[in-house]
Amino acid sequence: MATAQLLAYVAFSVFCILTASSLDTFMAAVYEHAVVLPNFTMTPVSREEALVLMNQNLDILEGAITSAAKQGAHIIVTPEDGIYGMNFNRKTIYPYLEDIPDPQVNWIPCDHPSRFGDTQIQERLSCLAKHNSIYVVANIGDKKPCNASDPRCPPDGRYQYNTNVVFDAQGKLVARYHKQHLFMSESFHFNAPQDAEIVTFNTPFGKFGIFTCFDVLFRDPAITLVTDFHVDTILFSTAWMDVLPHLSAIEFHSAWAMGMGVNLLASNLHRPEKRMTGSGIYAPDSPKAFYYDRKTEEGKLLLSQLESHPYHPEVNWHSYASSIGALSTGNQEFKSSAFYDEYTFVELTGITGNYTICQKALCCHLNYQMSEKRSDEVYALGAFDGLHTVEGRYHLQVCTMLKCKTTYRQTCGASVDTASTRFEMFSLSGTFGTQYVFPEVLLSEVRLAPGEFKVSSDGRLFSVKATSGPVLTVSLFGRVYEKDQASDAVSDLTARAVSIMLIVVTPMVLLCW
């Protein structure tokens, strides 16, 4: 009896300690980094030269990490390629790589820098985390030897991985993630793991998951981390090049957080000449902080408080749209392309209206009122239901209201980043055949609209007030993951073929977009 009472007391004490040490909210930070790039070369530099370049970037990142910690941040995310930049082939990136051990080895590089050999970058990251008492998320390259007994072993006898690492506030390596979905020519200097890695870790302020850049468009590991492993917050390092109208960084990443019901800490490179900008701290209900600037050359630190365990209500994405009758568009439908996908569109001809447009199984419904109907701008409602085949193969269902580039219908769907028309109200819905739908609202000059719209439980994306700026697009971007598998084999061949063509025309450049 005494033993049972003692065990009960110990269990209760442990529960009290864990409860007391847990946090309902935490301060998050992301840093958009203007990376110092290496000189392009077809021959590898020495390890010493590689360290010089990487430490130049770490000097800048150290300033951001220190500043974030002084402002109370618990965790900071830095971007993909933020330590060594771009412009590599398989041989030239090798001097920048380190052997990154499995976190189960229980290692603090700052305290034991020689335990795993040549790991100066991991040591410095660990010390930055430890000395500032902050979790640090960084992207570096991992190398792992292999031999002929492994049928997948590359000819040079090693695997090279695009890798995210996390060091906790004591400097301990707590997470390592190898990127699964390599983008275009990236596959010529990095390898993808045989199976997608599901990487999570627990903190006093919630459960975290990790993936990188192009991974966000696919089921594994991104969706699985949320649906099967129930993470609260995603750590997302990226080198994202904007693709309007639906895949600008802040637009899609904030929509993904809302659609999946988790926090997303997104850190992008800052290379405006490549349309690489757009970082943010996103909660399921609204963006908390974001940055998009193509006019400056400097990096940017963002901080915001987040709920450790965000709540997200269930949404039935086809309920409302399936309950209303389709409105005839007569013979006013037309075709035009957005990011190489052929949409079916109908022009919005009045200052207010109700429209329906369908493509295959998807019907999109829009109710709207403009502040004014301008003669120099055309808006259209569009639907796409099919396989996207450029820079990756993935199945989409998209309903979108967007501004056309000019007054000619053929430009509807083309990239445009300025507008003049504000909307008093809008309500968009669709008969989606997937539960994975990401709601986007993007204003002129690529700005988000926090607090200006909501999603209802029956699947409507609707405004709660007049828009604070002119509208570029209001969209429901759906992914039909179950249809991806059939095209996986073709996807690999297509990606390699396109990458080869790019290499013939231009030097290798690692981009997420």
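Modeller: Happy to. Let me begin with the cut-off we need: a residue counts as buried when its relative accessible area is under 20%, as exposed when it is over 50%, and as partly exposed in between. Please keep in mind that this is a predicted model.

With that cut-off, Lys179 is buried, because its relative accessible area is 1%. The partner of Lys179 is Glu186, and the N to O distance in this salt bridge is 3.0 Å. Glu186 is buried too, with a relative accessible area of 0%. In general, side chains of opposite charge can pair when their charged atoms come close.

Another one joins Asp142 to Lys144, at 2.7 Å from N to O. Here Asp142 has a relative accessibility of 0%, so this residue counts as buried.

A further salt bridge links Arg124 and Asp59, whose closest N and O atoms are 2.6 Å apart. Arg124 sits in helix H3 (residues 120–132) and Asp59 in helix H2 (residues 47–70), so this pair ties together parts that are 65 residues apart in sequence. The two partners fall into separate classes of accessibility: Arg124, at 19%, counts as buried, whereas Asp59, at 47%, counts as partly exposed. There is also a network of salt bridges, and the residues linked in it are Arg47, Glu98 and Asp118.

Now to the cavities. The model has four cavities of 30 Å³ or more. The largest cavity has a volume of about 100 Å³. It is lined by 14 residues, and those closest to its centre are Ser254, Ala255, Pro287, Pro439 and Phe453. Helix H5 (249–260) and strand S20 (437–443) are the elements that give two or more residues to this lining, and H5 gives the most, with four residues. By class, the lining of the largest cavity holds ten nonpolar, two polar and two charged residues.

The second largest cavity has a volume of about 70 Å³. Its lining includes Val243, Pro245, His246 and Leu247, together with Asp341, His388 and Phe477. Eight residues of this second lining are nonpolar, two are polar and one is charged.

Methods
Residues are numbered from 1 along each chain as its sequence is written. This is a predicted model: local features need pLDDT of at least 70, side-chain atom pairs count only at pLDDT 80 or more; totals for chains, interfaces and linings use all residues. Side-chain values use heavy atoms; hydrogens and water are left out. On a 1 Å grid over the protein atoms alone, a cavity is a set of points where a 1.4 Å probe fits but cannot get out, and a pocket is an open set with protein on both sides within 12 Å along at least five of seven lines; lining residues have an atom within 4 Å of a point. Grid points are joined across faces, edges and corners, and a volume is the space filled by probe spheres set on the points. Ala, Val, Leu, Ile, Met, Phe, Trp, Tyr, Cys and Pro count as nonpolar, Asp, Glu, Lys and Arg as charged, and the others, Gly among them, as polar. A salt bridge is a side-chain nitrogen of Lys or Arg within 4 Å of a carboxyl oxygen of Asp or Glu. Buried means under 20% relative accessible area, exposed over 50%, partly exposed in between (1.4 Å probe, protein chains only).
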